[in-house]
Amino acid sequence: MTVPPPGPPRTVLVWITEATWPACVDAARERAPHDDVVLLHVSDDEIAAAAHQAFTGLLGRGHSPDRDPGARLEALSGTAAADLLEAAAHRLGRPCELLDHHGRVEHEVVRAAAGAALLICARDGERDRPGPHSLGRATRFVVDHAECPVLLVWPYGERGGRDF
């Protein structure tokens, strides 16, 4: 017998990163089976900006923009993010919203979580040290500043896998 959802669906935001997305998506499937799921990936624009600045600094502003490595990195980043979001949506196995944001990762995640009922993300720091060191800088910021409850999961293959 299937239990009906306890009320109107909530919005659950799942922060998708390259290293930890499977555990986060599986947590959403198990913990929020009747809720609206939003999958969020954030691309850090600092790498492409640094490449662009190096290009203009070394060669000057008068060179062809099609040779700018910053533009190529932005294009590659967009394709990789779209592929990752599609893989996560496929693993989720139900309709969801896909968001691809750009900027400072931690700030974009906190902004996106402002209206959510739950944020799901994964530990991403020092894998062999439980406690505060098991969170990276961006994840620590998100956990400290998100305006909604945060479900923090271990990536698969660590601490026995499915610890959520």
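Trainee: Which residues touch the most other members in the largest nonpolar core?
Mentor: In this predicted model, that core has 22 residues, and Val14, Ile16, Val25, Leu39, Ile120 and Val153 touch the most other members.

Trainee: Which elements give two or more residues to this core?
Mentor: They are strands S1 (11-15), S2 (36-43), S4 and S5 (150-153), together with helices H1 and H3 (69-92).

Trainee: And which element gives the most?
Mentor: Helix H1 does, with six residues.

Trainee: Is H1 largely enclosed or exposed, and why?
Mentor: Helix H1 covers residues 21-31 and is largely enclosed by the rest of the structure, because eight of its eleven residues are buried. The buried ones are Trp21, Pro22, Ala23, Cys24, Val25, Asp26, Ala27 and Ala28.

Trainee: What is Val14 in contact with, leaving aside its neighbours within four places in sequence?
Mentor: Val14 is in contact with Cys24, Val25 and Ala28, as well as Val37, Val38, Leu39, Leu40 and Ile120.

Trainee: What other core lies apart from the largest one?
Mentor: Another core, of 16 residues, lies apart from it; Leu13, Val105, Val110 and Ala138 are among its members.

Trainee: Changing topic, where is Ser134 found?
Mentor: Ser134 is in the loop that runs between strand S4 (118-122) and helix H5 (137-145).

Trainee: Is Ser134 buried or exposed?
Mentor: Ser134 is buried, because its relative accessible area is 1%, under the 20% cut-off.

Trainee: Which side chain does the side chain of Ser134 join in a polar contact?
Mentor: The partner is Arg123, at 2.4 Å. Beyond its neighbours within four places in sequence, Ser134 is in contact with several residues, including Arg123, Asp124, Glu126 and Trp154.

Note on methods: Residues numbered from 1 in each chain as written. Predicted model: local features only at pLDDT ≥ 70, side-chain atom pairs only at ≥ 80, totals over all residues. Heavy atoms only, no water. Helix = DSSP H or I, 4+ residues; strand = E, 2+ residues; numbered from the N terminus. Buried < 20%, exposed > 50% of the residue type's maximum accessible area, 1.4 Å probe, protein only. Polar contact = N/O pair within 3.5 Å; in protein donor to acceptor, adjacent residues only side chain to side chain. Contact = heavy atoms within 4.5 Å. Core = buried A, V, L, I, M, F, W, Y, C linked by side-chain atoms within 4.5 Å.
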